[in-house]
Amino acid sequence: MPQSDRESSVENVPMLIPGVLRRTLAKLVSSAHLVLSGTTASILVIIFLGSLFVFVALRNHRRDEIRARTVQLTRLSSLIESDISELENYHRGFLLTHRSQYFGLFQERRSAMKKRLEELNVRLLDNPIQRKRVIKAQDIVLRWADQVAQPAFLGQSSLNMASDISFALKLSNASLDQARWILQSLKDEEQILLSQRVGEQEMATQSTQILDSLPKLERAVIEMNKEKRGFLLTNDNGFLETYHRSVENFYRYHAYLTILAGDAPRRTQLLNDIRSNLERWLSSCALPEINSKQQGRDINAIIDNDQGEQLINKIQRAIAEFQRNELASYDAGSIAAVRHRIWSTIGLLTLVLVVALLISSNTYSLALVRRNLSKLGAAEIRMRAIIENILDGMIIIDRAGTITLMNPAAEKLFGCNKHEMLNQAFLTLVPQAYNTEADLQLVDWGEFTKRTGTTVLAVGRTRKYVTFPIEISLAKMTVDQSILYVAMIRDVTERKRFEREIAAEKENLAVTLRSIGDGVITTDVQGKIIMINQAAETLTGWTAEEAKGQPLKSVFKISIDLAAQTRAQRSTYRNEAYSLLKLPSNATLVSRDGTEHLIEQVVSPIRDRRNEVAGVVLVFRDIIEREHKQLGLLAGGIAHDFNNLLTAIMGNISLASLLIPATDEMTTRLADAKNASMRARDLAQQLLTFARGGAPIKKTTSLTRLVQDTVSFCLRGSQSRSECDLEDKLWPTEIDPGQISQVIANLVVNAEQAMPTGGTLHVTCENFRQGSAEKATVQDLPPGEFVMITIRDEGVGISEQNLKRIFDPYFTTKPKGNGLGLATAYSIVKHHKGLITVESEVNKGSAFTIYLPAAAHVAIPEETRFAGAKELSGTGRVLIVDDEEAIRTLVEFTLTHLGYEVCSAASALEGIELYRQRLEAGERFDCVILDLTLPGGMGGRDALKLLLESDPSVNAIVSSGYAMDATMSHYQDFGFRGVITKPYEAAELGHTVREVIESGRIKVVPDLDLRAVG
């Protein structure tokens, strides 16, 4: 080749190389060679990664072997150290207590230590230096056991604890400390070796640290017990200092283990048990023994208790259990780690192959994917902007009920931070919902999804557990063949508040209308009823449901006095009622069943916001009922005051009868005065029955004598005569004799007045048995046994028109009648669960029949008669609380004369204070007589509650002129021991007080006898 050609070719070489590279790169990145190039590069990368993974796996396996060896050696060394300390502990325990059981425990621990030393020597076969040191430690320990400890157990060595100076030196044997130092140095060397080969971070695994700390914890427990015993044997403070260091070591290791085991409840529980048992040992055994030794007291009685040894054994068993569990966990973790590495290696290799194929197949589609992703990204940005800016909360939930997306409005609604509730259960935010019956119940996600496409009212809950009402619209959609649910949520707290306010206003209005005593009817402008209250229902006889929508005239039927209406029309003044509905202020309302009520009424217009009339409110009330109530209150007050006066009169009359001889002619005069007072009492009782009604004070009574006495007394001095036909074996009855006598007296007086020219009054009493409903002979009378009383006259009779109203209060046909007699009789018989009927014919007479429930199988109690003051006398302290001075004076004089010590009080508070003072002074009242009605707001019933708080065994008698009060008829239910009705006689007062005091004493005696015997 010519020289010029050679120079030209040499100059062109540098220019050819870049051109070849450019062409090669262009081919590699072309669409034809792109997949092949990507695959080749992927295979090279994967081979490198696989090799690197295998290297790492082998290295980790080697580290695991080193770690396992270190853990085993450290664990064995720690256990052997614990064995040495335990051998010393048993030795000192024997020297302290001389119990033979320590020798058996010593031998067992020595055998276990020898096995562990042999195992440690086997594991150190590859390290002769360490093995030689372990053998040396073994010789030291066994020599100490043979030469020092065992002779002491076998009694071949005697130590004088008081004088032998070498005793403490033998206990703290330096050779044993040398053996411990050898074992500790072995552990330190292994830890250093592991740190060098594995690294500090790799070494700091939880199980390794726990396994390393557990023997130290156990050794601290053994050292505490051992050093405590050393102190008890020698009284050397050096042992006490070592004991305190062991306690500190225990708490330090325990705290460290607690931190390591904080994520495992079982570990934490075992550590807590270990600590609590140790603290029990410290407080109940160690500290008392040390204090006793320091104070020079005899400790033999304390150390003979096995409680300390049992607690130490319990602690060691707990530590051993913890160690076994942790070692098992460590072994299982090591095996699982090896298995995991093997499967990870296989999985990684498989993944490498799969990734290689995926990379090679997906490289070509990368550009297309990027273009599609850009389009999807733009669409996602638009969609996210819509979701993030809507005002309602939106939550997307998967098929399992897990939240996958929450917009900012939903996060704000539920008080959550951004993305805080993702992957959480939807029911965490919506725990309750209303079902189709509007009942609140817990949400079940499966049932909740069935309400898709509807709006559901539910209860939302924030992450601070604050609940609020929400409205949920649930929709279902399918995305990538996955079912998702979109929940649009709106807070309806304000709407619910408005609904509650409206409902509360309606309820307040309804409660107000129900509670007022006047009738209220509202109508629209056409006169159709919109609403009536409960009082209006009672007066009209129409229920609210029936009256709604009816014309007012159909429900509110009134009859008008034409003369009164004419006078009202002539007057220049017309009230609002007349202007609106053309109704007078006063009229007679005819109810649905024909009952008439004299009413007064007021009508007011209902105006809307434009001040136009939208309806009418009609308010009316029964005037007669109001007058009845006022007259009843007046009658009750008069009767109460009258009874108080009669009490003083009758009490003094009866007291005078007891004090004068029976042969004195004044006895007859006093008896007449007493009978007159009894009639006055019956009149007052009649007023009270009318005024109050109430339950009678019943007792088993025979009606034979009661009927005879009442009839003869009422007809005394009249032109009429009586014929009584009373059955011989008349059944007894449970009645209030005073009330039933009042009923019979009213009927007899009415019959006598119906025969102005005289006649015969026929009275019959007989037993009567009412059959079942099919065989009933008397209407409105329940089945059972009754005593039937018939009072028939030969008078003018009662017209059919008046016959329906004779039992109405204030209805009378007599010029001077008050209309209370038959009304009172009807009320009394009704309260006795009986029945009163009437049959009458004009100009032929009337017949009243009374049915009273019989007590056929109850014996009639014998009447107690009192011959004189001796029979009524007694002893004890009595307190009378009554606002009437005359009654207090009478009771005080009467009971003092009968032998009692009496104190009085005019008010409940004064009586309570007096009772408490005497109770504190040891002069308890044997009986307290409390008036039911007292001034100052507190009556006898409330006063007894306060007395029972001070003295649960107080003997109280209730006294009142209101015999119909429930307290009088059921006095035992309120804590009273007796009852006495005003007005009462001196004999009745003395008998009641004596009976109550004696019954109270009878209840106390058995308790005293039983306590004396027991």
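Which residues does Ala-908 touch, not counting residues up to four places away in sequence? The tour below ends at that residue and begins with the whole chain.

**The whole chain**

The model is predicted: local features need pLDDT of at least 70, side-chain atom pairs count only at pLDDT 80 or more, and totals for chains, interfaces and linings use all residues. Residues are numbered from 1 along each chain as its sequence is written, and side-chain values use heavy atoms, with hydrogens and water left out.

Display the chain as a cartoon. It contains 33 helices and 25 strands, where helices (H or I, at least four residues) and strands (E, at least two) are DSSP runs numbered from the N terminus. Of its 1014 residues, 40% count as buried; buried means under 20% relative accessible area, exposed over 50%, and partly exposed in between (1.4 Å probe, protein chains only). Among contacts (heavy atoms within 4.5 Å) with a separation of 6 or more, 67% are between residues 24 or more positions apart.

Angles run from 0 to 180 degrees between N-to-C directions, and axes are lines fitted to C-alpha atoms, for helices over the stretch in contact.

Next, select residues 432-434 and 455-461. These are strands 3 and 5, which run antiparallel and are joined by two bridges. Ala-433 has Ala-458 of strand 5 as its bridge partner.

Move to the open sheet with the order 15-17-18-20-19, in which the pairing is mixed. Its edges are strand 15 (721-726) and strand 19 (835-841); each has a single partner strand, so one side of each is left without a neighbour in the sheet. Neighbouring strands here are turned by 15° against each other on average, direction ignored.

Strand 15 runs parallel to strand 17 (residues 760-770), and six bridges join the two. To see one of the pairings, select Glu-723 together with His-762, its bridge partner in strand 17.

**Helix 25 and helix 27**

Select residues 737-753 for helix 25 and 821-831 for helix 27; their axes come within 9 Å and cross at roughly 145°. The contact involves Gln-739, Ile-740, Gln-742, Val-743, Asn-746, Leu-747 and Asn-750 of helix 25, and Gly-821, Leu-822, Thr-824, Ala-825, Ile-828 and Val-829 of helix 27. By class, these residues are seven nonpolar, six polar and no charged. Here Ala, Val, Leu, Ile, Met, Phe, Trp, Tyr, Cys and Pro count as nonpolar, Asp, Glu, Lys and Arg as charged, and the others, Gly among them, as polar.

Now keep helix 25 alone. As 12 of its 17 residues are buried, helix 25 is largely enclosed by the rest of the structure. The buried residues include Pro-737, Ser-741, Ile-744 and Ala-751.

**Ala-908**

Finally, select Ala-908, which lies in helix 30 (residues 908-920). At 4% relative accessibility, Ala-908 counts as buried. Not counting residues up to four places away in sequence, Ala-908 touches Val-881, Leu-934, Met-938, Gly-939 and Ala-943.

Key. Two strands pair if DSSP finds at least two bridges between them.
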